Amino acid sequence: MLGRLNHVAIAVKDAAKAARIYSAAFGAQISDPVPMPEHGVTTVFATLPNTKIEFIEPLGDQSPLSRFLERNAEGGIHHLCYEVTDILVARDRLTAEGARILGDGEPRIGAHGKPVLFLHPKDFSGALIEIEQA
Ligand code: CO
């Protein structure tokens with residue numbers, strides 16, 4: 001059920017600025033910033049051969065990142081995203097095993113145009129987990 005590591009997300013105040021060193025020093029390919037009002041973030045992706053780094057910055061005053069950045073002013077690792085083949089099957093199996101799904105439990109469309117869900121960090125060793133249907 002558990003597939004590839006799709007991305008590691010780093011929350012920052014300025015996603016384009018944070019991504020710049022990945023392009024300048026590592027030669028990674030960097031996407032343009034993409035506003036995602038439904039998630040309250042703007043994303044910039046750095047593409048690596050085996051995964052991606054997702055830089056996220058707050059968008060709007062209801063952003064879920066605001067509190068995180070109050071506690072981590074310089075930014076920090078925010079979540080890991082794993083691919084799953086069927087997000088509803090994965091959700092039901094996770095729930096049956098006692099994992100808590102954030103929000104209303106219904107998948108939303110994520111940064112790659114695919115359904116995503118977030119899982120409670122307390123059920124995953126303190127790490128916020130996103131699952132994405134690949
Ligand atoms: Co993500």
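H7 is buried, because its relative accessibility is 1%, where buried means under 20% relative accessible area, exposed means over 50% and partly exposed lies in between, with a 1.4 Å probe and protein chains only. The model is a predicted one, in which local features need pLDDT of at least 70, side-chain atom pairs count only at pLDDT 80 or more, and totals for chains, interfaces and linings use all residues. Residues are numbered from 1 along each chain as its sequence is written, and side-chain values use heavy atoms, with hydrogens and water left out.

**The cobalt site**

The cobalt ion has as its protein donors H7 (NE2), E54 (OE), H79 (NE2) and E130 (OE), which lie 2.1 to 2.3 Å from the ion. Donors here are N, O and S atoms within 2.8 Å of the metal (3.2 Å for Na, K and Ca), and sites may look incomplete because water is not among the atoms. Along the chain these donors follow the spacing H-x46-E-x24-H-x50-E. Distant parts of the chain are linked in this way, since H7 belongs to strand β1 (residues 2-11) and E130 to strand β9 (residues 129-133), 123 residues apart. Helices (H or I, at least four residues) and strands (E, at least two) are DSSP runs numbered from the N terminus. E130 is also buried, because its relative accessibility is 5%.

The angles among the four donor atoms run from 87 to 173°, and the site is irregular.

**Aromatic pairs**

Rings of Phe, Tyr and Trp (its six-membered ring) pair if their centres lie within 6.5 Å, and planes under 30 degrees apart count as stacked, over 60 as edge-to-face and the rest as tilted.

| Pair | Distance of centres | Angle of planes | Class |
|---|---|---|---|
| Y22 and F26 | 5.5 Å | 70° | edge-to-face |
| Y22 and F55 | 5.1 Å | 70° | edge-to-face |

The second pair joins distant parts of the chain, with Y22 in helix α1 (residues 15-24) and F55 in strand β5 (residues 52-58), 33 residues apart. Y22, F26 and F55 form one aromatic cluster, in which F26 is exposed at a relative accessible area of 65%, whereas F55 is buried at 2%.

**Helix and strands**

In α1 the buried residues are A15, A19 and Y22. They lie on the same side of α1, because they cover an arc of only 40° around the axis, the arc being that of the directions from the helix axis to the C-beta atoms. K17, R20, I21 and A24, on the other side of α1, are exposed. The cover over the buried residues of α1 includes β1, β2 (29-30), β4 and β5.

Strand β4 (residues 41-47) holds T42, which is buried at 9% relative accessibility. Beyond its neighbours within four places in sequence, T42 has contacts (heavy atoms within 4.5 Å) that include A15, F55 and L59.

Two strands pair if DSSP finds at least two bridges between them. Strand β1 runs antiparallel to strand β6 (residues 76-84), joined by seven bridges, and β1 pairs with β5 in the parallel sense over five bridges. I10 has I77 as its bridge partner in β6 and stands opposite F55 in β5.

Methods: Tetrahedral: all angles 85-135°; square planar, octahedral: opposite > 155°, others 65-115°.
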